[in-house]
Amino acid sequence: MTNTPSIAITVLRCVVCGTLDSGPRDLCPKCFGALAPEKVSGDGTLMSWTMIRRPPAAFRAEGTYAVALVKLDAGCQITGRLANPDEQATPGKRVTATGHKDTVTIFTAE
Ligand SMILES: [Zn+2]
């Protein structure tokens, strides 16, 4: 693992059926129950990632960045940014949440 400590991240849990969802959304996608925020481990597995080389206008000043899809150990998938995209960051690689930028979680691959 990296030297950067893992941080907890906030996802949503259905108060009726217990389904976890990364949100944002108002109702459970399975039973339409209410969702409540819940902190879970930021550890997970990298599913895929891609480089955004021509960012939308809101992020243009940041330049190139990587968007990642992560399956959290807690049991739901979430999109975020990958701090260290390179040829070592292959699907199945362990990642951990190491920060936030606005509402976006930043993951670092081991
Ligand atoms: Zn539900």
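Is F32 buried or exposed? In this predicted model, F32 is exposed, with a relative accessible area of 62%, and because the limit for that class is over 50%, the value of 62% places F32 within it. F32 is found in the loop between strand 2 and strand 3, and although F32 is not a glycine, its phi is positive, at about 65 degrees.

The loop between strand 2 (20-21) and strand 3 (35-40) also holds P24, and the peptide bond that leads from G23 to P24 is cis, with omega near 0 degrees. Most residues other than glycine have a negative phi, and most peptide bonds are trans. A positive phi, of about 55 degrees, is found again at D102, which is not a glycine either; D102 lies in the loop between strand 7 (94-101) and strand 8 and, at 69% relative accessibility, counts as exposed.

**The zinc site**

The zinc ion is coordinated by the SG atoms of C14, C17, C28 and C31, at 2.2 to 2.3 Å, and along the chain these donors follow the spacing C-x2-C-x10-C-x2-C. The angles among the 4 donor atoms run from 98 to 117 degrees, and the site is tetrahedral.

**Aromatic contacts**

A search of the whole structure finds 1 aromatic pair, formed by F59 and Y65 in an edge-to-face arrangement, with 6.0 Å from centre to centre and 80 degrees between the planes. F59 is partly exposed, with a relative accessible area of 30%, while Y65 is buried, at 12%. R81 is placed over both rings, as the table sets out.

| Charged residue | Ring | Distance to ring centre |
|---|---|---|
| R81 | F59 | 5.3 Å |
| R81 | Y65 | 3.9 Å |

**The largest pocket**

The largest pocket has a volume of about 380 Å³. Among the 19 residues that line this pocket, those closest to its centre are I78, T79, T103, V104 and T105. The elements that each give two or more residues to the lining are strand 1 (9-14), strand 5 (65-72), strand 6 (77-82) and strand 8 (104-109).

Methods: Residues are numbered from 1 along each chain as its sequence is written. This is a predicted model: local features need pLDDT of at least 70, side-chain atom pairs count only at pLDDT 80 or more; totals for chains, interfaces and linings use all residues. Side-chain values use heavy atoms; hydrogens and water are left out. Donors are N, O and S atoms within 2.8 Å of the metal (3.2 Å for Na, K and Ca); water is not among the atoms, so sites may look incomplete. Four donors count as tetrahedral if all angles lie between 85 and 135 degrees; four count as square planar and six as octahedral if opposite donors are over 155 degrees apart and all others between 65 and 115; anything else is irregular. Rings of Phe, Tyr and Trp (its six-membered ring) pair if their centres lie within 6.5 Å; planes under 30 degrees apart count as stacked, over 60 as edge-to-face and the rest as tilted. Buried means under 20% relative accessible area, exposed over 50%, partly exposed in between (1.4 Å probe, protein chains only). A charge sits over a ring if NZ of Lys or CZ of Arg is within 6 Å of the ring centre and within 35 degrees of the ring normal. On a 1 Å grid over the protein atoms alone, a cavity is a set of points where a 1.4 Å probe fits but cannot get out, and a pocket is an open set with protein on both sides within 12 Å along at least five of seven lines; lining residues have an atom within 4 Å of a point. Grid points are joined across faces, edges and corners, and a volume is the space filled by probe spheres set on the points. Helices (H or I, at least four residues) and strands (E, at least two) are DSSP runs, numbered from the N terminus.
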